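Here are a few exercises to work through with the model open beside you. Try each task before you read its solution.

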Amino acid sequence: MKVVVFDLGGTLMQYVGMPYSWEDFYYKGFEEIIRKFRYPVSQEVVEKSVQMLKEFNPRIHYREIEYSA
């Protein structure tokens, strides 16, 4: 099984009522996916995935180029 997880904001949902940075939701999101789908993933993979999301979070790492949805 392969799992794809991505940022939903502005793509599949609106930002209304959401905080500016979703950093606090990264671990919780992965934990919920792992629990719901009983997907065996190591803590190391979760850590790497969270780091990847942080690198694309413009509230944490400013970027010159904006990526389209």
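**Exercise 1.** Does Arg35 count as buried, partly exposed or exposed, and what is its relative accessibility?

*Solution.* A word on the ground rules: this is a predicted model, where local features need pLDDT of at least 70, side-chain atom pairs count only at pLDDT 80 or more, and totals for chains, interfaces and linings use all residues. Residues are numbered from 1 along each chain as its sequence is written, and side-chain values use heavy atoms, leaving out hydrogens and water.
- Take the cut-offs: buried is under 20% relative accessible area, exposed is over 50%, and partly exposed is in between (1.4 Å probe, protein chains only).
- Arg35 has 55% relative accessibility, so Arg35 counts as exposed.

**Exercise 2.** Find the salt-bridge partner of Arg35.

*Solution.* 
- Look for a side-chain nitrogen of Lys or Arg within 4 Å of a carboxyl oxygen of Asp or Glu.
- (Helices are DSSP runs of H or I, at least four residues, numbered from the N terminus.)
- At 38% relative accessibility, Glu32 is partly exposed.

**Exercise 3.** Which parts does the salt bridge between Glu23 and Lys54 tie together?

*Solution.* 
- The N to O distance of this pair is 3.5 Å.
- Glu23 is in the segment before H1 and Lys54 is in helix H2, so the bridge links parts 31 residues apart in sequence.
- Lys54, at 18% relative accessibility, counts as buried, while Glu23, at 31%, is partly exposed.

Key
Helix = DSSP H or I, 4+ residues; strand = E, 2+ residues; numbered from the N terminus.
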